[in-house]
Amino acid sequence: RGNAEVFPLEIVSGKLKDRPGAVILLRDITARRQLEEHVIRAKEEAESSNAAKTQALAQLEASYTKLQDLERMRDMLTHMIVHDLKSPLSSMIGLLSLVEESAPDEFEEDQIKHLRNAKKAGCSLLQMIETLLDIARLESRAMPLNRSPSDLGNLIHEAITLLDQEGAHKIVGISEPETPLIVSCDPDIIRRVIANLIINAAKFTPADGEIRIAVQAQGDREVRLAVADNGKGIPAEYHEAIFERFRQLEVRKLSYGLGLNFCKLAVEAHGGRIHVDSQPGKGSIFWFVLPTAPPDTPATSGAA
């Protein structure tokens, strides 16, 4: 160029057809060369970025695999410990029951009270162990479900009989249709689900509070059961978290423990779903939905 700048040229030449001579075409390809160099750099950067991403993904996958292995080891160890605790704890409860029945006259009133509290605490711990074992079976899909057409209304009344007086006296109403609502379920497991929801409601309901239970058809293929309380309520950001194992809510400083986690896994194992509707200061409604049993199928009671 006039300013001594060097630039790339493309030269194309060809002979003339009808007479001697040639055609020579000179073209400035600076812009094209810059574009080519830009494409090459972009390709190199993309390849470098892809290599970095591939490496990062490989590291992430390796970390995830390691985490899964650690979780499996933790669950296996927990299961082994819990399983080994069950037998001696059952023996301890049996011995406490034997002492309570065989020598009531040899203890003072306070001693009998302490004995019964110890037995109650042992039963609670045994129930927690059984729930942990059931959760492990549900998570691994190894929990046998003895399904049968069951009247959900009957299961509610049977679940209430499992409660202590503290939970039962807060139940002020059970709303159910005159026609039985039959669901396809394992009655023993769903009875436990109902009892857990009532116990959970009683735990967070004030002494003068109330619990209402309602069961109703939801379309032709589902039945919905709801347990409502007038407790403090739960903020929306915790509605999913409370169904996780050992999840503790900062807003209440109280743990929901294993009960709701068992309920979620048990209901989902039956092809149903579970949720909570709640707002702070307006109480909570825990509800689940189960599929109905096939028509013209006789219902059975869930009583053991």
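Which backbone nitrogen does a side-chain oxygen of aspartate 151 reach at the start of H3? The nitrogen belongs to glycine 153, and the oxygen comes to within 2.9 Å of it. The model is predicted. This briefing covers helix H3, the largest nonpolar core and the S10–S11 hairpin.

**Helix H3**
- H3 spans residues 152-161.
- Of its 10 residues, 7 are buried, so the rest of the structure largely encloses this helix.
- The buried set is Leu152, Gly153, Leu155, Ile156, Glu158, Ala159 and Ile160.

**Largest nonpolar core**
- This core holds 51 residues.
- Leu152, Ile190, Val193, Ile194, Leu197 and Phe288 touch the most other members.
- Helix H5, residues 187-203, gives the most to this core, with 9 residues.
- Leucine 152 is buried in H3.
- Beyond its neighbours within four places in sequence, leucine 152 contacts Leu181, Val183, Ile190, Ile194, Val215, Val223 and Leu225.

- Strand S10 covers residues 273-278, and strand S11 covers residues 284-291.
- The two strands run antiparallel and are joined by 6 bridges.
- They form a hairpin, with 5 residues between them.
- Glycine 281 lies in the turn and has a positive phi of about 85°.

Note on methods:
Residues numbered from 1 in each chain as written. Predicted model: local features only at pLDDT ≥ 70, side-chain atom pairs only at ≥ 80, totals over all residues. Heavy atoms only, no water. Buried < 20%, exposed > 50% of the residue type's maximum accessible area, 1.4 Å probe, protein only. Helix = DSSP H or I, 4+ residues; strand = E, 2+ residues; numbered from the N terminus. Polar contact = N/O pair within 3.5 Å; in protein donor to acceptor, adjacent residues only side chain to side chain. Core = buried A, V, L, I, M, F, W, Y, C linked by side-chain atoms within 4.5 Å. Contact = heavy atoms within 4.5 Å. Pairing = 2+ DSSP bridges.
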